[in-house]
Amino acid sequence: MIVLITGATSGIGKSCAELFSKKGYKTILIGRRKDRLVKLAKKLGSKNNLPIQLDVRDKDEVFLTISKLPKKFKKISILINNAGLAWGLESAHKIDVQKWETMIDTNCKGLVYMTRAILPGLINRNKGHIVNIGSVAGNYPYGGGNVYGGTKAFVKQFSLGL
């Protein structure tokens, strides 16, 4: 089986990469930071791991990258949409709107782009899983977490809709 993990260079994504690799799965490791991707791929062994530097916010690059995967890695079985971020705790009237845009672009649009790029293959093969990483913040707000919580509520609703 082949597992594609976004946000594979740290936290939950890195832990998923380590676990699936240890269990013998082929992994596609997606992340923005090339140095961390290379380090992780070396740690896991390059035979069954494909590190790809990619920013999930770049729609055209997401679709191009998935369309050009090597044959050995094309039949993805599991997509783990883990890439995401929480940025800023300022009050809504004080925050830099660019922080909101970055969270929306990453946590919502990036997840949608990856899902849309992978889903047709899962459906054509009539098997596979999509795991979307959410947050308790999608249900329970916290001070300064207005847009982050909104993006994670989106993840929940999008997942239910799938």
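Biologist: How many aromatic pairs does the count come to?

Modeller: Three aromatic pairs, in what is a predicted model.

Biologist: How is a pair of aromatic rings described?

Modeller: By the distance of the centres and the angle of the planes. Take Tyr142 and Tyr148, whose ring centres lie 6.4 Å apart, with 55 degrees between the planes. That pair is tilted. Tyr142 is partly exposed, because its relative accessibility is 34%. Tyr148 is buried, at 14%.

Biologist: Are the planes of Phe154 and Phe158 stacked or tilted?

Modeller: Stacked: 5.7 Å centre to centre, with 15 degrees between the planes. Both residues sit in helix 5, four residues apart, so about one helical turn separates them. Phe154 is partly exposed at 30%. Phe158 is partly exposed too, at 23%.

Biologist: Is Leu122 buried or exposed?

Modeller: Buried means under 20% relative accessible area. Leu122 has 6% relative accessibility, so it counts as buried. Its place is in helix 4, residues 97-125.

Biologist: Which residues is Leu122 in contact with, beyond its neighbours within four places in sequence?

Modeller: Ile76, Ser77, Lys127, Gly128, His129 and Ile130. Lys23 is 99 residues from Leu122 in sequence, and their C-alpha atoms are 21 Å apart.

Biologist: What lines the largest pocket?

Modeller: The lining has 22 residues. Gly7, Asn82, Ala83, Gly84 and Leu85 lie nearest the pocket's centre. By type, the lining divides into eight nonpolar, 10 polar and four charged residues. Helix 1, strand 2 and helix 5 each supply at least two. Helix 1 gives the largest share, three residues.

Biologist: What is the volume of the largest pocket?

Modeller: About 440 Å³.

How values were computed
Residues numbered from 1 in each chain as written. Predicted model: local features only at pLDDT ≥ 70, side-chain atom pairs only at ≥ 80, totals over all residues. Heavy atoms only, no water. Buried < 20%, exposed > 50% of the residue type's maximum accessible area, 1.4 Å probe, protein only. Contact = heavy atoms within 4.5 Å. 1 Å grid on protein atoms, 1.4 Å probe; cavity = no way out; pocket = protein on both sides within 12 Å on 5 of 7 lines; lining within 4 Å. Points joined across faces, edges and corners; volume = space filled by probe spheres on them. Nonpolar A, V, L, I, M, F, W, Y, C, P; charged D, E, K, R; others polar. Phe/Tyr/Trp six-rings, centres within 6.5 Å; stacked < 30°, edge-to-face > 60°.
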